[in-house]
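Open the model in your viewer and colour it by chain. Keep the selection panel at hand.

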Amino acid sequence: MASFTVGIVVFPGSNCDRDVSWALEGCLDIKTKFLWHESSDLNDVDSIVLPGGFSYGDYLRCGAIARFSPLINSLHDFVKSGRRVLGICNGFQILTESGFLPGALVANKNLNFICDDVELNVITSKGGWFQKLNEKQNIKLPIAHGEGRYHCDQDTLKKLTDNDLIALKYKTNPNGSTSDIAGITNEKGNVLGLMPHPERACDESIGGIDGLYTLKSLITQ
Amino acid sequence: MDQFEVKVFIRLRPSVLDPAGEAIKSASSKLGVAGIKSLRIGKMIEVKIQSNEEDIKEKIELLCDRLFANTVIEDYEYSINKL
């Protein structure tokens, strides 16, 4: 897998791009390449991360303007080809705004910017993004968001549930998300969007390694 | 081509909780104004645009559907004024 390269998209206002690169290269020895949002050539990367941050200053709505970048335009074919895309925090917001994933992320119920470690239950094994755990087990990942309340209508929630597309649920709902949802996948399973930050949980010395598995799964073909 | 001034009003759908609206509702009662039953925050976007009269509605609806509003969580309405 030495030649495998993960592309990390950089928008104006991204601020977790280097964290993702550090986690992939430093902790997992996976090669990364930064992709400026204006590039539309995705041929030399095998999977893509949309990192956290505040693309375009969150103007209008989080992720609303990033959606129009040439790179996101090319991402449609990339996803269709079955290659893997991981959207973390602002990346998840961009994936919903762009229509890759259903629903929307809105202001937290209590209006606080929440920066905390949260316990999460792995719900689906679709896409193989998370280690299979039994019902009593959970993972712990950090969250850091002001607009992370997942919202969708009842029909969408039913579809997510019936098709096993809910990836992660908060054990204790911190932000008012519909049905405690913290992350979802597309039908094929090759696109995952989540509010927690796996790249911030890849080294014991900074509090945990529960994010390693998800980042490592970027090199699953 | 004519000049138009368009005002677009964007509101959170009634089913979406508006915590910022709730916070302002609470601040309003602290100001001593009683009786507020509901308070919700929206956005207003003013656009000045040159267009043919027959295309203007289509252009504004494209902007609203694809950019100004996210119809998963928001409704919009607009008024068009020919200058």
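This is a predicted model: local features need pLDDT of at least 70, side-chain atom pairs count only at pLDDT 80 or more; totals for chains, interfaces and linings use all residues.

Stop 1: Select the strands of chain A. Nine of them form an open sheet in the order S2-S1-S3-S4-S11-S10-S9-S6-S7, with mixed pairing. Now pick out S2 (31–36) and S7 (139–145) of chain A, which stand at the edges. Each has a single partner strand, so one side of each is left without a neighbour in the sheet. Look along the sheet: neighbouring strands are turned by 25° against each other on average, direction ignored.

**Stop 2: one strand pair.** Select residues 47–50 and 84–88 of chain A. These are strands S3 and S4, paired in the parallel sense over four bridges. Strands of a sheet pair through backbone hydrogen bonds, either parallel or antiparallel. Show A:Leu50; opposite this residue, in S4(A), stands A:Gly87.

**Stop 3**

**Stop 4: where the chains touch.** How many residues does each chain bring to the contact? Chain A gives 12 residues and chain B nine. On the chain B side, helix H1 (residues 19–30) gives the most, with three residues. The side of chain B that touches chain A has eight nonpolar residues, one polar and no charged.

**Stop 5: helix H1 of chain B.** Check its length. At 1.5 Å a residue, the 12 residues of H1(B) should span 16 Å. The end C-alpha atoms of H1(B) are 17 Å apart, which agrees.

Conventions. Residues are numbered from 1 along each chain as its sequence is written. Chains are lettered from A and ligands numbered from 1 in the order in which they are written. Two residues are in contact if their C-beta atoms, placed from the backbone, lie within 7 Å. Helices (H or I, at least four residues) and strands (E, at least two) are DSSP runs, numbered from the N terminus. Ala, Val, Leu, Ile, Met, Phe, Trp, Tyr, Cys and Pro count as nonpolar, Asp, Glu, Lys and Arg as charged, and the others, Gly among them, as polar. The expected span of a helix is 1.5 Å times one less than its number of residues. Two strands pair if DSSP finds at least two bridges between them. Axes are lines fitted to C-alpha atoms, for helices over the stretch in contact, and angles run from 0 to 180 degrees between N-to-C directions.
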